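My notes follow the structure.

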Amino acid sequence: AMQQLYNFYTPPALQLFYIGINNRSPKLNDKKVRRALAHTLDIDAIIRDLYSGMAQRVAGPFHPTKSYYNKNLVPIPYDLDKARTLLEAAGWKDTNGNGVVDKTLNGKQTELELDYLASASSKFSMSLALVFKENAAKAGIKINIIPKDFPLLIESLKRREYELNGGAWVAEPLPDDPKQLWHTESDTPDGGNRVGFGNATSDALIDEIRVTLDEEKRADLYRKFQELVYEEQPCIFMIAPQERLVIHKRFEARPSALRPGFFVNEFVVKR
């Protein structure tokens, strides 16, 4: 009966969900450890169980609706064996048999125990944190969930007083300017590069993207930048969600990726 009266739409939402990693942390400054963390997250199950199947996987920092999104990059698969292998390659082994891998850092035996900041008011953020904690434990990584109110969470990120955090970016329907989130000049308390990503190569690519007017050349630079980010694994890139819209059939209307997902001024009553 509902289908007779209403049209159902699921346009993409211009959002990207990710787990931020503090790349400057001594426990997390090796990309093998960051990639191991990515392998512990079953994102297909998260889409199914926490998002009712209404999202798609992403493999990088740009929204999949963008023409320059790098489709050659394969989302990191859930693979606990691979995670354990990478941790061992980075020198993390469970030497005391307590189920958590450890390593000597600065002359001190250190457990791979990580604090995860989650938005206390977000049901999805808290559920995701629990799934991550459970999965990572199977690879010998202990995650402590620290629920925080959003303003306090942002302050912790600005001060880089975190190891992991769940977050989301809002994408714009315009060509991306990666400087705010990914340039080393943005790795400041008020800058957006809160994961501490970047080097001379990535900065040069970002600078070139910003001044390249030729669309094809710029798309190529965007794709190269995504490859570099993929290799470094500064975050765990997870999903781009879909909106859920219901519009009565008496209206001529079209959905949109722009929030709130429709244009009221375009609604036309069918005669």
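I worked on a predicted model, where local features need pLDDT of at least 70, side-chain atom pairs count only at pLDDT 80 or more, and totals for chains, interfaces and linings use all residues. Residues are numbered from 1 along each chain as its sequence is written, and side-chain values use heavy atoms, with hydrogens and water left out.

**Cores.** I took a nonpolar core as buried Ala, Val, Leu, Ile, Met, Phe, Trp, Tyr and Cys residues joined through side-chain atoms within 4.5 Å. Buried means under 20% relative accessible area, exposed over 50%, and partly exposed in between (1.4 Å probe, protein chains only). The largest core has 40 residues. Among those with the most contacts inside it are L37, F132 and I239. I then checked which elements give two or more residues to this core: they include β2 (15–21), α2 (31–39), α5 (123–138) and β9 (235–241). Helices (H or I, at least four residues) and strands (E, at least two) are DSSP runs, numbered from the N terminus. Helix α5 gives the largest share, five residues. Another core, of 29 residues, lies apart from it and has F62, Y68, L153 and A219 among its members.

I looked up the neighbours of I239, counting heavy atoms within 4.5 Å as contact. Leaving out residues up to four places away in sequence, I239 touches residues including L16, F17, I47, V58 and F124.

**Rings.** I searched the whole structure and found 14 aromatic pairs. Rings of Phe, Tyr and Trp (its six-membered ring) pair if their centres lie within 6.5 Å; planes under 30 degrees apart count as stacked, over 60 as edge-to-face and the rest as tilted. Y18 and W169 have ring centres 3.8 Å apart and planes at 10°, so this pair is stacked. Y18 is in strand β2 and W169 in strand β8 (residues 164–170), 151 residues apart. Both Y18 and W169 are buried. W182 and F237 are tilted, because their planes stand at 50° with centres 6.2 Å apart. W182 has 2% relative accessibility, so it counts as buried. F237, at 7%, therefore counts as buried too. One aromatic cluster includes Y18, W169, W182 and F237.

**Helix α2.** Seven of its nine residues are buried, so α2 is largely enclosed by the rest of the structure. R35 is one of the buried ones. I found its charged end over the ring of Y230, 5.0 Å from the centre (the cut-offs are NZ of Lys or CZ of Arg within 6 Å of the ring centre and within 35 degrees of the ring normal).
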